[in-house]
Amino acid sequence: MFRVKISNAKLLRDAITAISTLIDEGTFTVSPEGIKLRAMDPSRVAMVDFTMQKTAFDEYVADEETKICLNLSELLKLLKRAGRDEAVEIQLDENTGQFVITMRGKYVRTFRMPTLEASEDEVPTPKITFNAKVTLTTDGFRQSLEDVALVSDHVRMETDGEKMTMTARGDIMGANIELLKGSDALLSVEAKEPSKSTFPLSYLSEIVKAASATSDIVTLEFSTDMPIRLDFKQTYDGTLVYYLAPRIEVE
Amino acid sequence: MKASLRKRFVKKVKRRVPWVGHIVNDEKIAGDLNVPSHNVRIQAWEGSICLTCRGSRMLCGKPVCPAIVKLYSFIKTKKAADSNQMYGSSPPGIFVGRIGYPYVYAGPLVPPVLGDTSILDAPEQWLGKTFDEIIRFRTSLVRGKFRVNVKKPFQNRRFQEKTLEVALSKAPVYTEVAFKKKPSDKFFFDGTVQPMGPSAMLRKMNVGNFKTDSRIEKAYADGDLKAESAVLDLYLNGVPVSGIQRAFSVGAFGLKNERRMVPTRWSITAVDSTISRSLIENEVKGKPTINEYRVYEYSYLGNRFMVLLTPSSWKYEWIEAWYPGTVWNPAARDIAMGGDWEGYRGRTTYASIGGCYYAVRLAAAEFLAKERRQAGVIAMREIHPSFITPLGVWINRECVREAFRKDGERFDNLTDAMTHIGSRFALGLKHWVASSVLLKDALYQERLTKYL
């Protein structure tokens, strides 16, 4: 049996939006401790690792571990109908296998949507030793990505422990952004050794855009020519972490 | 303006340049081109190199003069249709123009011959034909026109109903047309326009007995069936794309009150795009990916098509390379390249390169759907100067379909597959990589699977 209630529908909606930037169908694992989802996008370039502890909900009942697979865009359509102050109740109808969403506001609405066949394979997280760790405001990071997106479709991120630079080189234009220690956007920076790596903006911009609704602070961890880990600090008990594979151009 | 000045000006314009017969030095061409002036009026764009060249100096760099090839068949058709009325078996074919939209010229295409003319408007059967033949197919159709508001075709019911009958016919249909004036005798001496037959405004039109294609008729009769579903149903029932497109263009599909005529050029892309999108969503995505790299190839009329399939989720790219001396790249010394692409989630804007993008996407989606597999598709086309004149997007669709009908080469890794492509194309591999998003992605973008 699975039943939850959350009074802030926006929280749930933003989290699902953030997940749906990478995948169309998500398999959530529901356990007595909370909800989690870990999945890679169809191209296997990026991964989302999402958890929401039971304390994040107003009511949480789950007596055993089950997997629920849902079409995220359909789910979002329904969640978008919830108003600002409306509470959302979600439960799994075990007889029909349907997902039941109830919104209580001025009147009571109940939506039903089918669950899909859950994928059985567990996705492990990438095993990487990170040499650099940079904490930024999500907004500052998003702005810098918008800047570099003007000239190129990938960005090179570099840090030596003192500052963080983002460079992009297009066919005819270039962009260079420096975030120094002590600037408003850069909260902290540390590096065991100078690290630089290039990432595709098509993924990075989409991820940051979607996740910025849920979080004000993001921690980046990366090493030279290795995947990057983006940890968006959530306001509730839970995590929203992305991994993104680098682009290695042999010139 | 003073009277005297105006007079002198008029005189200047009237001076005729007896250019064709007198100036062309190649005797054969000169003889062929020396047509009686009342039959065909030859015009060229001001400043065009065709004026200097006149089909004999090969200034555009093509091995054959495209304008002359077109002129030959134009003269032939014109001779046969040099009157105020004509009859023939429509293949069946119709044409809806796009100029002046939503007030366009539409009407039937009628050749001046009777019999089985079905090949004249069925690009699916054209593959393997020569330039001369295809240009003849195109120019031998005389186009009757009437003006119509695409959203209110019933306002011109007299011609609209007849045109609709022609479009729904299963086999060539006897068609009688009377024109307000003789079909135009104007011929543009130019290599870049698609070959087209003469045209004239309709005065009267009659259609003989015909049988409709029951599948198309059913979609036509159903006023609650959306155009998109109609197109898909017909495609899945085996109606050729050109048949669907013809009925789509004449406004035979859609909700009863929403039906409208669609310019032929737009309808081709609309049908290609609708069918391929649905195939991709329903038949390709979610299927297992192929296990190796594959390369398919087909060459035709100075075009070399190469398609690379990569073992990944669905994505698609189309790149064209125009050699100097070809239609869209006449003057430059460099090779012009253009292309567009989409990722797994498709695209929301119209592909910058145009309708060929969607025509090839259909060929690729169709192949993967049949194989029940998913793959990344990078389709490339190299166009050499011997491709003398554009023929329409069908050539892309049919050539890529043909490439997929042959056994492709299989490779274990991307490097070998790319080397093979490089060895088949005249243009260096690095140019293809530089102008491709997906090739760069396949070469440089790492996957997380490597780190798990």
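Colleague: Where does B:Pro92 lie in chain B?

Modeller: Bearing in mind that this is a predicted model, B:Pro92 is found in the loop between strand E2 (85-90) and strand E3 (94-96) of chain B. The peptide bond that joins B:Pro91 to B:Pro92 is cis, with an omega of about 0 degrees.

Colleague: And what about the bond joining B:Tyr101 and B:Pro102?

Modeller: That is a cis peptide bond, for which omega comes out at about 10 degrees, and B:Pro102 sits in the loop between E3 and strand E4 (103-110) of chain B.

Colleague: How many residues does each chain bring to the contact, and how much area do they bury?

Modeller: Chain A contributes 28 residues and chain B contributes 13 residues, while the area buried between the two chains is about 1800 Å², with 60% of it on carbon and sulfur atoms. On the chain A side, A:Pro42, A:Arg247 and A:Ile248 supply 25% of the area that this chain buries against chain B, which is more than any other three residues.

Colleague: How many salt bridges and polar contacts are there between the chains?

Modeller: Between chain A and chain B there is 1 salt bridge, in which the side chains of A:Asp24 and B:Arg345 meet at 3.0 Å, N to O. The count of residue pairs in polar contact between these chains is 12, with both residues at pLDDT 80 or more. As for the elements of chain A that give two or more residues to the side touching chain B, they are E4 and strand E18 (238-244), and the residues on that side divide into 18 nonpolar, 4 polar and 6 charged.

Colleague: What is the salt bridge count over all chains?

Modeller: The count over all chains comes to 36 salt bridges. One pair inside chain A is A:Glu178 with A:Lys163, whose side chains meet at 3.9 Å, N to O. This pair links distant parts of the chain, since A:Glu178 belongs to strand E13 (residues 174-180) and A:Lys163 to strand E12 (residues 163-169), with the two residues 15 residues apart.

Colleague: Changing topic, how many cavities of 30 Å³ or more turn up?

Modeller: Searching the whole structure gives 2 cavities of 30 Å³ or more, and the largest cavity holds about 170 Å³ of space. Of the 16 residues that line this largest cavity, the closest to its centre are A:Leu12, A:Phe28, A:Ile35, A:Ile90 and A:Phe99. Among the elements of chain A that give two or more residues to the lining are strand E1 (2-6), helix H1 (9-20) and helix H2 (72-79).

Methods. Residues are numbered from 1 along each chain as its sequence is written. Chains are lettered from A and ligands numbered from 1 in the order in which they are written. This is a predicted model: local features need pLDDT of at least 70, side-chain atom pairs count only at pLDDT 80 or more; totals for chains, interfaces and linings use all residues. Side-chain values use heavy atoms; hydrogens and water are left out. On a 1 Å grid over the protein atoms alone, a cavity is a set of points where a 1.4 Å probe fits but cannot get out, and a pocket is an open set with protein on both sides within 12 Å along at least five of seven lines; lining residues have an atom within 4 Å of a point. Grid points are joined across faces, edges and corners, and a volume is the space filled by probe spheres set on the points. Helices (H or I, at least four residues) and strands (E, at least two) are DSSP runs, numbered from the N terminus. Contact means heavy atoms within 4.5 Å. Buried area is the accessible area (1.4 Å probe) that two parts lose on being put together, summed over both. A salt bridge is a side-chain nitrogen of Lys or Arg within 4 Å of a carboxyl oxygen of Asp or Glu. A polar contact is a pair of N or O atoms within 3.5 Å; within protein, one must be able to donate a hydrogen and the other to accept it, and residues adjacent in sequence count only if both atoms are side-chain atoms. Ala, Val, Leu, Ile, Met, Phe, Trp, Tyr, Cys and Pro count as nonpolar, Asp, Glu, Lys and Arg as charged, and the others, Gly among them, as polar.
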